[in-house]
Amino acid sequence: MDTASAWPSIFLLIAASPILAVALYTVFVWYRYVPTVVRIFEETPILHPPEEPPDPDAEHVWFETADGVRLRGSWLAPRDGTA
């Protein structure tokens, strides 16, 4: 092969290398991170607070929402008497 005829092939290889690197990086990111991001949006979060014993110094209160859900909790009065 003549040296003059090899230059287009070398130029094409040099020009295609960044494109190939970006394509490989995109495939890596897709397979590594996209499943995790999809899971974040598809799965429902676990919203179960841990069971704690009631505070003996707190007043036990509950509220009923408009749709009938009862919210229970404890209200701690301020120690210095201010709101």
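The largest pocket is lined by Pro49, Pro50, Glu51, Glu52, Pro53, Pro54, His60, Val61, Trp62, Arg72, Gly73 and Ser74. Strand 1 (59-64) and strand 2 (70-75) are the elements that give two or more residues to this lining; strands are DSSP runs (E, at least two residues), numbered from the N terminus. A pocket is an open set of points on a 1 Å grid over the protein atoms alone, where a 1.4 Å probe fits, with protein on both sides within 12 Å along at least five of seven lines, and lining residues have an atom within 4 Å of a point. The volume of the largest pocket is about 410 Å³, taken as the space filled by probe spheres set on the points, which are joined across faces, edges and corners.

The model is predicted: local features need pLDDT of at least 70, side-chain atom pairs count only at pLDDT 80 or more, and totals for chains, interfaces and linings use all residues. Residues are numbered from 1 along each chain as its sequence is written, and side-chain values use heavy atoms, with hydrogens and water left out.

Strand 1 and strand 2 pair in the antiparallel sense over six bridges, pairing requiring at least two DSSP bridges. Phe63 stands opposite Leu71 in strand 2. The hairpin of these strands has five residues between them, and Gly68 takes a positive phi near 90°. The charged end of Arg70 sits over the ring of Trp62, 4.0 Å from its centre (criterion: CZ of Arg or NZ of Lys within 6 Å of the ring centre and within 35 degrees of the ring normal).

Conventions: Helices (H or I, at least four residues) and strands (E, at least two) are DSSP runs, numbered from the N terminus.
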